[in-house]
Amino acid sequence: MRVYFDNNATTPTDPRISEIMSEIMTTQFGNPASTSHAWGWQAEELVNIANENIAGLLGCDPNSFIFTSGATESINLALLGLRGLKPKRICFSTIEHKAVLDVALELEKLGFEAVKINVDQQGLLDLEQLKSELQKPTAIFSLIAANNEIGTIQDLKKISEICKECHTFLHLDITQLLGKENFKLSDYSVDLASFSGHKIYGPKGVGALYASQRIRDELLPIIFGGGHQRGLRSGTLNVPGIVGLGKACEILTKEGSEVIRHISKLTKIAAEGLQTSVSKISINGSQKHRIAGNLNLRVPGLNASTLLSKLSNEIALSSSSACLSQTGSNSHVLEAIGLNKAERNSSFRISIGRFNTEEETVWAVNKISKEIFSLIK
Ligand code: PLP
């Protein structure tokens, strides 16, 4: 048996989505910017339907999206796109995805003050520090709504209220929240939100930025060219990808609650199974405020990277986020929640998705437990 337990890095594409995409690539291949013939109109209609599907999931106006190559680009557009705003000040949490951290460095080069807001041991944002920092006029606050490594979900209600009161625009990175928690933009005051197709059983290389009407006029492009997407992101639209993203959202609208139930059940089986067989194991991050499917685990004395490599052909696990494992960097998220080097090195992540089964989970837990024992004995 082989088990893919790295669904926070990427998910398998739902066959219903890849089928539609494949058909579109060969039969409905028009360019939506071709306004002079039916092929172009048909492609435009496909994009309109995708907009409706995404808006249906997120509870917002279908005209609110700018399609991108994924959440990294959406985040770049959201934050660098506001480089013209004053006051030149941005706040963000210490557990943001690298895309936010690196864009903040770029904004600093453009004269912005970049301020980090701390989190506690569970990964929950320090709301008092946020309130206090936002007393100073701040253009934007960027927040990872659900963390990719430890899974902590932030108190979005309170945070969006604080930003509104302080007249600070709020950008949410909802890449990991979608599909793992029922979430509607209409429940909060959010100006910008970034997300990606490949984390929700859709294709890679496509994502979108939600931009509320009030912020759209403030956004500046970061990619220039033919003036597509109201001049905010030039380049021919990736119609099959956009349709795939739309379909992924449509499926989540219909099946999301069942998917969350399934993933939560498997997560419980995995957590209880590992806790029973490995008594010293503990969960990093919040026990209560966490997305379904995410288990960031720590075993004192374990060399997590040895565990990962021992299991690498049979079980896909991760030591941190996919991006960090590529650069070999240490996890800034585990550091931010107060773990020392030894604790960080003994931590690994399991992320369960909708296509995992109970049988796989039980098998993988057994295999992981045995491997841990052989490594720490
Ligand atoms: N934000 C979060 C929270 C993520 O987990 C990821 C992916 O790892 C990204 C942003 C970047 O997404 P993409 O791979 O679509 O660029």
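**Exercise 1. How far apart do the C-alpha centres of domain 1 and domain 2 lie?**

Solution. Start with the ground rules. This is a predicted model, in which local features need pLDDT of at least 70, side-chain atom pairs count only at pLDDT 80 or more, and totals for chains, interfaces and linings use all residues. Residues are numbered from 1 along each chain as its sequence is written, and side-chain values use heavy atoms, with hydrogens and water left out.

Step 1. Take the bounds: domain 1 is 3-10 + 255-376 and domain 2 is 15-251. They come from an automatic or database domain assignment.

Step 2. The two C-alpha centres are 27 Å apart.

Step 3. Count the contact (heavy atoms within 4.5 Å): 34 residues come from domain 1 and 33 residues from domain 2.

**Exercise 2. Describe how α2 packs on α8.**

Solution. Step 1. Locate the helices (DSSP runs of H or I, at least four residues, numbered from the N terminus). Helix α2 covers residues 38-58 and helix α8 covers residues 239-277.

Step 1. Their axes come within 8 Å and cross at roughly 30 degrees. Axes are lines fitted to C-alpha atoms over the stretch in contact, and angles run from 0 to 180 degrees between N-to-C directions.

Step 2. Classify: α2 is therefore roughly parallel to α8 (angles under 35 degrees).

Step 3. The crossing of α2 past α8 is left-handed.

Step 4. List contacts. Leu 46, Val 47 and Ile 54 are among those of α2, while α8 residues include Ile 242, Leu 245 and Lys 247.

**Exercise 3. Do the α3 and α4 pair in outline.**

Solution. Step 1. The axes of α3 and helix α4 (residues 98-109) come within 10 Å, crossing at roughly 30 degrees.

Step 1. Here α3 passes α4 in a right-handed crossing.

Step 2. The contact includes Ile 75 and Leu 79 of α3 and Val 103 and Leu 107 of α4.

Technical notes
Helices (H or I, at least four residues) and strands (E, at least two) are DSSP runs, numbered from the N terminus. Angles under 35 degrees count as roughly parallel, over 145 as roughly antiparallel, 65 to 115 as roughly perpendicular and the rest as oblique. A crossing is left-handed if the near helix is turned anticlockwise from the far one by less than a right angle, and right-handed if clockwise.
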